[in-house]
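This report describes selected features of a multi-chain protein model. The sequence and the structure are shown first.

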4 protein chains.
Amino acid sequence: MPGNTFGHSFRITTAGESHGYGNLVIIDGLPAGIPLEVDDFLCDLKRRRPGQSSITTQRHEEDIPQLLTGIFEGKTTGSSLAIFIENKDVRSFDYKDIKHKYRPGHADFTFDTKYGIRDYRGGGRSSARETVVRVAAGTVAKKVLHYYGYKIKITGFTKQIGSIIAHIPNPAKISTVDIEQNIVRCPDTNAAGKMIELINQARSERDSIGGIAEFCASGVPPGWGEPVFDKLKADLGKAMFSLPAVTGVEFGAGFAVAARRGSQNNDVFIQKGKKIITETNNHGGILGGISSGMPIIIRCALKPTSSIPQEQQTVTTKGKQTTISTKGRHDPCLVPRFVPIGEAMIAVVLADHCIRQHVQMKKK
Amino acid sequence: MPGNTFGHSFRITTAGESHGYGNLVIIDGLPAGIPLEVDDFLCDLKRRRPGQSSITTQRHEEDIPQLLTGIFEGKTTGSSLAIFIENKDVRSFDYKDIKHKYRPGHADFTFDTKYGIRDYRGGGRSSARETVVRVAAGTVAKKVLHYYGYKIKITGFTKQIGSIIAHIPNPAKISTVDIEQNIVRCPDTNAAGKMIELINQARSERDSIGGIAEFCASGVPPGWGEPVFDKLKADLGKAMFSLPAVTGVEFGAGFAVAARRGSQNNDVFIQKGKKIITETNNHGGILGGISSGMPIIIRCALKPTSSIPQEQQTVTTKGKQTTISTKGRHDPCLVPRFVPIGEAMIAVVLADHCIRQHVQMKKK
Amino acid sequence: MPGNTFGHSFRITTAGESHGYGNLVIIDGLPAGIPLEVDDFLCDLKRRRPGQSSITTQRHEEDIPQLLTGIFEGKTTGSSLAIFIENKDVRSFDYKDIKHKYRPGHADFTFDTKYGIRDYRGGGRSSARETVVRVAAGTVAKKVLHYYGYKIKITGFTKQIGSIIAHIPNPAKISTVDIEQNIVRCPDTNAAGKMIELINQARSERDSIGGIAEFCASGVPPGWGEPVFDKLKADLGKAMFSLPAVTGVEFGAGFAVAARRGSQNNDVFIQKGKKIITETNNHGGILGGISSGMPIIIRCALKPTSSIPQEQQTVTTKGKQTTISTKGRHDPCLVPRFVPIGEAMIAVVLADHCIRQHVQMKKK
Amino acid sequence: MPGNTFGHSFRITTAGESHGYGNLVIIDGLPAGIPLEVDDFLCDLKRRRPGQSSITTQRHEEDIPQLLTGIFEGKTTGSSLAIFIENKDVRSFDYKDIKHKYRPGHADFTFDTKYGIRDYRGGGRSSARETVVRVAAGTVAKKVLHYYGYKIKITGFTKQIGSIIAHIPNPAKISTVDIEQNIVRCPDTNAAGKMIELINQARSERDSIGGIAEFCASGVPPGWGEPVFDKLKADLGKAMFSLPAVTGVEFGAGFAVAARRGSQNNDVFIQKGKKIITETNNHGGILGGISSGMPIIIRCALKPTSSIPQEQQTVTTKGKQTTISTKGRHDPCLVPRFVPIGEAMIAVVLADHCIRQHVQMKKK
């Protein structure tokens, strides 16, 4: 059944596997006349790229997108835009031994049960490799937001690794430069150092470690999102949970609301200049499913990488007990490379709702 | 822009406001031949009903659904099924004073900004009143699961209120009877007593309190969910975040994964009888976006009710500073009545993916 | 599987049967602030109404719509709008004898085969009764077009009954007054008289007769429609073929193009004032799937009513040979009442594409 | 706005232009385990290929599809399948002079008005070149029908060119061999000769000519199609009207019903063996929007090619009067190459409804 399309008015459809020819996205719903060239994609793709630092997988991919359709003389034509990103560093021998075993924490077993067939090379469609074209789509989405005249800043960073928690009092003030100053993408330099140490330790113990990424989208005007099923938090929540390894998503105060009183948690409305804003931002920028104009705050929990070099118990595809140690090239911690991926999906959702809200503004 | 439809193959479309004539759902994609009558709905609707106990709003609604279409001689016909639930206890005078003020934590401001017009009577479309037809849709969804031969049990309960946390070691063993034994819907009787006390205390202080609901869907076979955007966790996540007041959603170990190692968090596959299962369930029943056959575990954080009787700072619709105290009839804590609503949305998502996976099974 | 929803940005979802409680439409994607009241619907619904003249079915329905949701103080709120139209004149005894027989030309056999169950009362969901809410949706669609500032005139008329063909050289000049001047809805008075005669003759012979309706939508600006699958002619074609009894649809020169040369059929572009138009309109207002600004011309062939009082051969639901004579209340010719129904569906498609094109116009 | 996706359960999304890198389709909703290789596509693509005979365009394209994703070890994996077909014979100089003029009958003017930008090289997205990937999708769709165990034969042929009408009393008996025996794809050999002559004559007069293609899908079981908006005839109608140059579509008796009585047009049900069939097939295989088990008969009118070498009046993009003679490589008659394209779209619709009906058949 179809499940490879996302979005209503800005719509992306993807295809591709970890160890096939590459990955592909068709973007539909793009206004005409937006300048777009290969260079526009490189910064975001580079931030996602494998092999970017000592704490990521050593798979090496150039990730140069090919703009196959939908562009004419450097501008979008309004037609569907197809972007292809080749898989270059494909070493299938790494994965051969997992053909007959189910890796713990992976989709091998569920894919086999669902389809009765499985592309075992690097996880096939279940690999995080598919996110490469989501990042490309995110670049396009940001162009759309800019095209409609909005100055929206979407920044993610590593909030927590293990029990090391970054102290970032105002995420709306963090810039990409702040984030990119270290390989763990944590603007709290002190915490960053400890995080890197912890990741290295986990890796040296042939293990992996989990964490939390935090995102902030500032500059989103009030009024985006649809009130019932397509609430902005619902579409953002789906976008985030559609990413591999995400086990939790929260907005604003998130799970902390459980211990709060309404009188504490309610954000008081005040007037600031000509704008109505809230004094605090426990609500995380969305009220009733609709953006309030305050920064949108999202946190995602990411499980520790399932692929670990140490030996684990498991079963063969026939159900026989065995052990496995995953020898492929994997990130010991998923959070640093998740940051640009999460940012991209937020951009995709915002571009969709930007277009959706645009029709509310009448006039020929 | 459309935003009132949910689902691909089992699809619900809703309409309705808090203080209009009532609420309505059209269910499309229903197989023919499923027995269905008004009585089937009463149990679920009664559990959601306002005025059910001393710790809920005292609005009184009978909530008897009218099956307007799609039924013939007591069975579904395969046509779209429309269910209407009237609003009976509508006291508009309660809400009149909020016409010109923005209630903190509510959608008044965002609706005004989005639409330039607002049905201020009880929150209009932003009211949780709209969930009444979601619960009705959930009843139908459970019938669909049963029609396809699955014995799936979906149970929710109150996991946390304030800092009182229920101890429920195995949610898959909890029955509806266990849940319904107290008004706070917490099967840990000891915790339940403290929770009720805490809610009553919050109310007596003219305040409200937040909490967490936990859900378990057991009996879901492996193989449901689509690998990329329509992952089972993505669709469930969207479903939950589409509900009012939900600020966080997590699956399995959820946010706790942040502090874990892969070796701890990975669930080992074992064979049990003829089935392959996992020894533990940190993954919460979904791997790679596809059900694993293990119980699906979801937790939702609910903010404290925004409407509180105590006076709060806010602004008028013109931006002038003022105060407001919300006098309507409100739940001091949203979690107990959220339980049946969350269960319903889980059923709706599962029915959709049950049908979607059904096509994978070939043969004329 | 879902099949009761139509449209992308202006979206209608319907439910209802011929002899159930009534019919229902939920309209989603409606901008807020459009004035709307029951009176707005009456003119269109009256034109569709059964029992309106001597050449239609004598079933009597008031068809007063109930606006259940989505309206506040006389204006649309931006929420989903639900409209219910009751079935009042339901005489089930008329249909009882068809429970065990398949009426030739009807959906009895195909419904039974598809669903294994059939609401035999008046055709259930397959009855043209379901179009009553399409006409109501058409009224709302026309309001949307007006809201966006377009003056679009959509008029249909009876072009042909049997071999009587109306001579209407310029359909864009025909007004509703012209059309409504006779009960067959043919503005060519001379032809109209002969058509009425022919219909009466068919009825007196306990038979029915087919015909063609022609529609013209003028005032549609150039630029509406999407280039590939959602071409304006594709969506209009689907809309028309989704109506009961339609066996053919053509645009502009239609089937006549088969016998033409390109040099004859191509419409030459010329400038008229500041506009670029075509000198002739063989293309029927759509080029490359996109409106050209010229009047959109659509013709629909309608088969003779399948229900006829004279005895016909058929089989029972068990396959046994038998005869049937349909005794219900039926139109001897479907075209006159089809006119307002076709107009409504054109309005629904145009409202959708109006909104879709609106996003192309940038600016905050 | 999105408009490049078609289908509900078997869904295709396309991208590509006439003179860009190539054309692309992502097919979503494909069951896993269907054998598929490049060779499977060649026959259908060859039948569509430009340059195939003396009466088609002399553009030369190999049209070898690249299966980029969704295949593993020669079988579909259940993931989205991407197919890319390169444009090789691209001579942009042919089109340069149309940059500033609007070709009569083409989408140049409407694209410019819609988007404010136009890929003028060979019509860009509006070129019939985009149908190449529809034909590839049709090949996959036929595999799906076969996978579910259906033996469905979809055959199209040239029914009419100019005023030459082929006499094919039973289209269900026509085979692909019959169709392919001459370059005009007309199984009535006598008519075929005259048609070829007529096309050659039109071309020698620097003109083009229209025609009608007829299609027959036999072996479709009763029960496919959804009763209201997604009637089988509605989805087939949309599919056909989504193809370039189609100005009319009719099913079964089509426009001829206008002159008929119900008693003539109704198809009598009879029992044949264990099946219930109709004695005649005026209804063209669809009743109430649902397949009846009888052959589905569709006819499409195709306008004469808009691009003709002879000089025509038109305007520049600034509205100034001028003349144009289209010098590109064009078919003088579109019908012969339309045959495999129409067949493909029918296959796509049937695969979608095959899957959709499949869910009606319950059981784990």
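**Chains A and B**

The model is a predicted one. In it, 109 residues of chain B are in contact with 109 residues of chain A. The size of an interface is often given as the accessible area lost when the parts come together. Between chain B and chain A, the buried area is about 8400 Å², and carbon and sulfur atoms give 62% of that area. B:Met1, B:Lys114 and B:Phe229 supply 11% of the area that chain B buries against chain A, which is more than any other three residues.

Polar and charged pairs also link chain B and chain A. There are 47 residue pairs in polar contact, counting pairs with both residues at pLDDT 80 or more, and the count of salt bridges is 10. B:Glu205 and A:Arg261 form a salt bridge in which the closest N and O atoms are 2.8 Å apart.

**Strand S8 of chain B**

Strand S8 of chain B spans residues 153-161; eight of its nine residues are buried, so the strand is largely enclosed by the rest of the structure. Strands of a sheet pair through backbone hydrogen bonds, either parallel or antiparallel.

| Strand | Partner strand | Sense | Bridges |
|---|---|---|---|
| S8(B), residues 153-161 | S10(B), residues 211-218 | antiparallel | eight bridges |
| S8(B) | S9(B), residues 164-165 | antiparallel | two bridges |
| S1(D) | S2(D), residues 11-16 | antiparallel | two bridges |

On S9(B), B:Ile165 stands opposite B:Gln160. S8(B) and S9(B) form a hairpin with two residues between them, and B:Gly162 in the turn has a positive phi of about 55°.

**The five-stranded sheet of chain D**

Chain D holds an open sheet of five strands in the order S1-S2-S3-S7-S4, with antiparallel pairing. Strand S1 (5-6) and strand S4 (66-67) stand at the edges with a single partner strand each, so one side of each is left without a neighbour in the sheet. Between S1(D) and S2(D), two bridges are present, and D:Thr5 stands opposite D:Thr13 in S2(D). Helix H3 of chain D (residues 131-147) packs on this sheet and touches S2, strand S3 (22-28) and strand S7 (81-86); the direction of the helix makes about 140° with that of S7(D).

**Two buried loop residues**

D:Ser208 lies in the loop between helix H5 (189-204) and strand S10 (211-218) of chain D. At 1% relative accessibility, D:Ser208 counts as buried, because the cut-off for that class is under 20%. A polar atom of the side chain of D:Ser208 lies 2.7 Å from the backbone oxygen of D:Thr305. Beyond its neighbours within four places in sequence, D:Ser208 is in contact with residues of both chain C and chain D, including C:Arg260, C:Arg261, D:Pro304 and D:Ile308.

B:Val268 occupies the loop between helix H7 (262-265) and strand S12 (269-272) of chain B. With a relative accessible area of 18%, B:Val268 is buried. Residues up to four places away in sequence aside, B:Val268 touches A:Gln313 and A:Thr314 as well as B:Ile277, B:Thr278, B:Glu279 and B:Thr280. B:Leu81 is 187 residues from B:Val268 in sequence and 44 Å from it in space, C-alpha to C-alpha.

Notes: Residues are numbered from 1 along each chain as its sequence is written. Chains are lettered from A and ligands numbered from 1 in the order in which they are written. This is a predicted model: local features need pLDDT of at least 70, side-chain atom pairs count only at pLDDT 80 or more; totals for chains, interfaces and linings use all residues. Side-chain values use heavy atoms; hydrogens and water are left out. Helices (H or I, at least four residues) and strands (E, at least two) are DSSP runs, numbered from the N terminus. Buried means under 20% relative accessible area, exposed over 50%, partly exposed in between (1.4 Å probe, protein chains only). A polar contact is a pair of N or O atoms within 3.5 Å; within protein, one must be able to donate a hydrogen and the other to accept it, and residues adjacent in sequence count only if both atoms are side-chain atoms. Contact means heavy atoms within 4.5 Å. Two strands pair if DSSP finds at least two bridges between them. Axes are lines fitted to C-alpha atoms, for helices over the stretch in contact, and angles run from 0 to 180 degrees between N-to-C directions. Buried area is the accessible area (1.4 Å probe) that two parts lose on being put together, summed over both. A salt bridge is a side-chain nitrogen of Lys or Arg within 4 Å of a carboxyl oxygen of Asp or Glu.
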